[in-house]
Amino acid sequence: MACGSSDGSGRLRLLLELGCSLPSQELAVCSACPSPGRKQTVRRSKKQKNKSSERLSVPEDVSHACLWSGLGAARNHREVSPGVSTDVQVALDRILPELHLAISSMKQAAAPEALRKGIAEIFQLVEEAWVMPTLGRDVAKALCDVIRLEGGLDLLLNLLQGTELETKCQASKLLEQILVAENRDRIARVGLGVILNLTKERDSPQVARSLSGILEHMFKHTEETCFQLISDGGLDAILYWCRWTDLIVLRHCAMALANCAMYGGQANQRLMIEKNTAEWLFPLVFSKDDELIRLHACLAITVLATNKEIEKEVERSGTLALVEPFIASLDPERFACDLLDSSDNSQGRTAKDLQHLVPLLDSSRLEAQCIALFYLCTEAAIKARQKKTKIFSEIGAAQSLKRIVCYSTNTTASSLAKKALCMMGEEVPRRILPTVSSWKPIEVQTWLQQTGFNKYCQSFLEHEVDGDLLLRLSETDLWEDLGMASSIIRKRFFRELTELKTYANYSTCDRSNLADWLGSVDPKFRQYTYNLVTCGIDRNFLHRVTEEQLQEDCRINVGFHRVRILSAAREMLHSPLPCSGCKSTSEGPDVFISYRRSTGSQLASLLKVHLQLHGFSVFIDVEKLEAGKFEDKLIQSVMSARNFVLVLSPNTLDKCMGDPDRKDWVHKEIVTALRCGKNIIPVADQFEWPDPQDLPEDMRAVLKFNGIKWSHEYQEATIEKIIRFLQGRSSRDSSAGSENSLECAAPLGQTYNQAVPPHIL
């Protein structure tokens with residue numbers, strides 16, 4: 001390429017104007033050319049080098065590899081693979097000429113406006129491809145491959161290193177759209193440093209919208225990529241954005257965390273917990289603003305909970321308890337319709353993505369089963385419209401769904417499994433009665449038919465095999481008495497029988513609840529319940545049993561299982577029993593958060609996370625109220641807490657007006673806190689104070705407490721002020737212009753548009 005050509009000099013001027021790092025070939029050619037801009041170019045290159053010294057290193061491949069490969073005689077368009085369908089090929093024949101032209105225009109653009117126009121044209125073509133009915137995924141993937149092969153992907157990476165914000169945002173928006181698997185590979189090899197450097201601009205809303213989407217895609221690349229993203233600030237940026245209110249950013253964050261949990265492996269899941277991911281998922285699940293955000297966040301937290309090494313930390317976050325009630329409130333078919341109308345989700349998930357959900361179906365955690373069932377049910381509705389339901393047989397989901405229908409006692413899980421099977425075109429089995437030990441021979445016949453052993457029904461019937469005998473069957477019984485000669489068939493039979501034993505209900509014969517204790521040691525150990533119970537062993541006697549007795553009398557043949565059961569039994573013997581007495585108020589939480597659910601949920605959840613991460617125990621009613629009379633539990637919770645944080649979101653106190661009988665929950669909570677002398681800390685967010693005379697007299701005293709104006713932009717500073725009030729300093733406004741009022745002042749330079757009382761600053 002000649003330096004003096006208008007094509008080359010135009011691109012060179014454009015890259016310099018945008019502040020992009022230049023390919024080394026360009027600088028070499030420029031230095032050989034006696035043009036007036038030579039020294040300036042060299043100086044800018046050195047300045048760029050110094051400026052980037054604090055940034056993550058970016059491989060030179062980004063500059064060298066394919067950036068200019070589409071120019072001149074080297075331009076050889078790589079057409080679509082020969083294996084595509086006719087319909088896809090027809091669509092590509094129509095779109096590819098426009099795409100080639102747009103890529104060429106983007107490369108040859110000599111001005112920022114022309115460059116952005118080229119990016120916009122490519123973006124529109126790709127976006128329209130993604131939303132094409134049925135063919136969209138295949139067509140869009142082909143376009144994404146062409147963009148990479150013609151050097152467009154590398155050019156976008158170069159533009160992301162520039163200083164011109166509008167072009168950078170447009171480039172990142174297009175990059176987010178084209179991150180199919182092969183393009184993620186390319187980014188992981190040569191562009192991850194570019195992406196991670198962008199996270200330093202995380203406070204920019206324009207950058208955050210696209211960058212969070214790029215990170216969402218990259219977290220599903222490989223475990224190694226996840227580790228690098230976590231180590232170099234990618235996860236930190238996602239968790240930082242979890243406190244924002246921008247729904248697009250929050251959707252990307254929720255999905256990024258779900259991808260990291262699903263594709264990152266156990267080591268990266270441990271790193272996620274160390275960075276408090278489980279806590280920051282709470283606001284996403286708790287929020288009432290967007291169901292898709294909540295669903296993805298539920299997926300993330302349940303996947304983390306299936307890792308036994310971090311299960312306890314996940315449970316302590318309080319996020320996991322929100323999953324099953326939320327899933328139970330959703331309609332998967334309506335949800336699927338909403339996704340089909342969305343340009344981001346209209347194609348549904350790939351077989352590879354769905355494959356990662358199947359292990360959740362077999363998890364012992366109900367939350368994991370429910371979230372996987374809902375996703376599969378939704379995907380089945382989408383794939384049924386696309387006539388692609390055979391994808392579910394390819395990933396082996398049907399067998400696990402049938403098992404849940406047969407054995408699950410949870411209404412939500414069973415209902416979702418039935419719906420999914422129907423939409424997949426699979427046969428829906430009948431639910432199996434869980435009290436297996438009480439089965440009559442006819443019920444054993446039903447089980448044999450459902451599990452595919454019809455051939456042996458007559459033999460079982462002739463020997464009058466009932467539930468008790470079924471649970472005691474040995475391999476010798478099957479071979480010699482019931483005529484099951486094939487060892488492979490016997491293995492299949494015992495696999496089904498083991499599953500039946502694991503999910504059976506033993507309440508009629510298991511008085512000490514040995515089954516649930518075995519399940520707490522390991523879910524698959526429930527299969528040994530009937531063997532132990534019929535030998536007269538209960539939880540109180542188990543520690544006296546020897547390993548030899550477990551093997552010979554109870555027929556627990558796996559030595560490692562015997563060792564684990566006996567070890568757990570002896571640990572149980574020496575563990576102190578939990579106190580059943582009443583807890584004193586001194587054992588209550590540090591903070592009770594009172595909020596109006598319709599407008600204050602998001603802020604209440606953010607306060608919970610911030611305060612928990614600073615070491616405070618926090619109560620929110622939907623999280624911790626146990627069975628019993630709701631009002632009594634609520635009042636007891638306020639009384640037992642040492643501090644009372646009142647979230648004043650828009651219209652929080654409206655229902656308190658004209659409520660002399662205290663039927664409103666917020667009214668009850670405030671009055672209880674006042675009567676108990678709690679340290680009350682109002683936290684206002686876009687709240688307009690009513691006339692004090694409009695409030696009931698029993699709660700007007702709440703106006704005498706200093707409050708804090710919540711700032712989404714300065715969350716850490718606001719939390720520090722709240723903590724000062726929690727650490728022994730009363731928030732009661734003893735005098736006008738008090739020291740506490742000054743503590744609540746806004747950060748320097750921040751102004752408020754809304755008028756507030758003098759004690760809310």
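Predicted model: local features only at pLDDT ≥ 70, side-chain atom pairs only at ≥ 80, totals over all residues.
1. Five strands make up an open sheet, paired in parallel and ordered β2-β1-β3-β4-β5. The edges belong to β2 (618-619) and β5 (708-709); each has a single partner strand, so one side of each has no neighbour in the sheet.

2. On the β5 side, β4 (residues 679-684) pairs with β5 in the parallel sense over 2 bridges.

3. Helix α36 (residues 597-613) packs on it, touching β1 (591-594), β2, β3 (643-648) and β4, and its direction makes about 145° with that of β3. Helix α39 (residues 665-675) lies across β1, β3 and β4, and runs at about 145° to β3.

4. Now the cores. The largest nonpolar core holds 162 residues, and Leu175, Phe219, Trp241, Leu257, Ile327, Ile593 and Leu607 have the most contacts inside it. Another core, of 26 residues, lies apart from that one, with Cys406, Leu471, Phe493 and Ala504 among its members.

5. Beyond its neighbours within four places in sequence, Ile593 is in contact with Ala604, Leu607, Lys608, Val618, Phe619, Ile620, Val645 and Val647.

6. The C-alpha atoms of Glu548 and Gly559 are 9.8 Å apart, with the two residues 11 residues apart along the chain.

How values were computed: Residues numbered from 1 in each chain as written. Heavy atoms only, no water. Core = buried A, V, L, I, M, F, W, Y, C linked by side-chain atoms within 4.5 Å. Buried < 20%, exposed > 50% of the residue type's maximum accessible area, 1.4 Å probe, protein only. Contact = heavy atoms within 4.5 Å. Pairing = 2+ DSSP bridges. Helix = DSSP H or I, 4+ residues; strand = E, 2+ residues; numbered from the N terminus. Axes fitted to C-alpha atoms, helices over the stretch in contact; angles between N-to-C directions.
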